[in-house]
Every structure is written in structure tokens, then in C-alpha cells.
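Me: I should like to go through the reasons behind several assignments in the structure below. Please set each value against its definition.

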Amino acid sequence: VALGATLILLLAASPLAGATLTQPGSEAVPQGRESRTVTDTLRSDFTPYMESPISATVPARAAREARARIAALDGVRAVSPPQPVPGGVALLQATPADEPLSPAAQDTARRIRSISEAESGRSRVGGVTAEFIDFKQSLLDHAPLVGGLIVATTMILLFLMTGSLLLPLKTLVMNALSIAAALGLVVLVFQDGVGSGLFDYA
């Protein structure tokens with residue numbers, strides 16, 4: 001029974017191998033809904049992704065050169081003229097050519113960060129895309145600590161309750177498998193679209 005249950009959980013968890021981390025956006029709303037229609041209209045009738053620019057600050061003296069370098073990037077649709085801000089720096093806003101949370105837009109944000117760092121000595125880039133990159137990095141940085149705390153707490157509490165070393169290990173393995181299976185099914189439906197029609201999700 002345990003072997004059969006484990007195989008089923010592993011099968012359900014297998015879609016996690018192709019998971020793409022993202023955040024909710026208008027694409028998560030079914031077509032035809034008012035909120036989705038507004039966003040689609042803005043992107044079809046106006047410059048796409050203007051609402052999610054990649055912002056960067058550079059020294060005012062180097063703003064024109066930095067703007068030219070950013071505008072030459074493949075993933076940039078347009079760059080605003082330099083806007084002076086306090087502190088002797090200028091603000092540049094680049095409209096990405098790709099969906100703001102896509103891997104292509106993230107690569108563009110990283111290249112803009114390199115340009116900002118080269119001009120000012122440190123990277124000063126913001127916007128939805130840059131925030132998402134930092135969010136993913138924060139998850140990776142803190143995952144070992146969180147995982148270690150969960151493992152240690154579970155092992156100690158269950159050992160104190162049962163006096164067994166095997167039961168805490170079994171609990172950790174089964175919890176990990178069940179969580180992975182649940183996430184795998186989420187990926188299967190909401191990313192891969194399998195059975196999405198049952199939930200009125202497209």
C-alpha cells in the first residue's frame with residue numbers, strides 16, 4: 001500500500017519538473033471578463049506593456065549614453081527621455097518588448113541592471129520585472145533556512161512525542177510527497193491547461 005501510494009504521489013508531482021514560477025496577472029482571468037478585456041484592449045490599442053516599465057536611475061551626466069545603450073537592447077521597445085530627479089541622477093523608463101514576468105523580460109532587466117551598475121557603480125533598477133527577479137532570489141536565499149527549521153522542528157517534536165526516529169523521518173517524507181503532488185496538480189491544471197475547462201479557466 002505504501003509503495004503504491006508513493007508511486008501515485010510521485011506521478012502527481014512529476015509536472016513540477018516543468019513548473020515556471022510567476023505571479024498572478026491579467027492572463028489568469030478568463031477571456032471575456034471585464035478586467036481581462038480592459039487589459040487586452042490597452043495592449044492592442046496602445047504600446048504593449050507601457051504599464052510595467054523597467055525603471056533605472058543613472059548619473060545625470062551619463063543619462064544620454066545610458067539611454068542609447070538601453071534602447072539598443074533587443075528586449076526593449078522604447079525608452080523615455082531622461083527625467084532629472086534629486087541627487088544628480090536621471091530616471092530612465094524602458095518599455096519591455098515582452099510580457100513583464102517572462103524569462104525574456106527578466107533577461108532584459110538584468111542587462112539594464114548591468115548598464116546601470118556600469119554607469120553609477122551600483123545597480124539601481126526597479127519595476128515589476130526587477131521586483132520579480134529579487135522575489136525569486138529571496139526565495140532561493142531563504143529556502144535552506146526555512147527547510148532546515150521545518151525538518152528540525154518536526155524531528156524534535158515527533159521524537160519527543162513518540163520516542164521513535166523512524167516515524168519523524170516517515171512523516172517528513174510523506175509530507176514532502178503530498179505537498180509536491182498537490183503543487184504538481186496545480187501546475188498540470190493552471191500552467192499546462194489540463195482540465196482547465198472544468199474550472200472555467202483558460
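Reply: The expected span of a helix is 1.5 Å times one less than its number of residues. The model discussed here is a predicted one.

Me: How do you know that the span of helix α6 agrees with its number of residues?

Reply: Helix α6 (residues 166–191) has 26 residues and should therefore span 38 Å. Its end C-alpha atoms are 36 Å apart, which agrees. Just after α6, Gly193 has a positive phi of about 80 degrees.

Me: Which elements do the buried residues of α6 pack against?

Reply: They pack against α1 (2–13) and α5 (128–162). Among these buried residues are Leu172, Leu177 and Val187.

Me: Why is Tyr49 called buried?

Reply: Buried means under 20% relative accessible area. Tyr49 has 15% relative accessibility, so Tyr49 counts as buried. Tyr49 lies in the loop between α2 (34–45) and β1 (54–59).

Me: What makes the phi of Tyr49 worth a remark?

Reply: Most residues other than glycine have a negative phi. The phi of Tyr49, a residue other than glycine, is positive, near 65 degrees.

Me: Why is strand β4 called largely enclosed?

Reply: Seven of the eight residues of β4 (residues 89–96) are buried, so the rest of the structure largely encloses this strand.

Me: How do you know that β2 and β4 pair?

Reply: Two strands pair if DSSP finds at least two bridges between them. Strand β2 (residues 76–79) and β4 have three bridges, in the antiparallel sense, and Ala78 has Thr95 as its bridge partner in β4. β1 and β4 also pair in the antiparallel sense, over six bridges.

Technical notes:
Residues are numbered from 1 along each chain as its sequence is written. This is a predicted model: local features need pLDDT of at least 70, side-chain atom pairs count only at pLDDT 80 or more; totals for chains, interfaces and linings use all residues. Side-chain values use heavy atoms; hydrogens and water are left out. Helices (H or I, at least four residues) and strands (E, at least two) are DSSP runs, numbered from the N terminus. Buried means under 20% relative accessible area, exposed over 50%, partly exposed in between (1.4 Å probe, protein chains only). Contact means heavy atoms within 4.5 Å.
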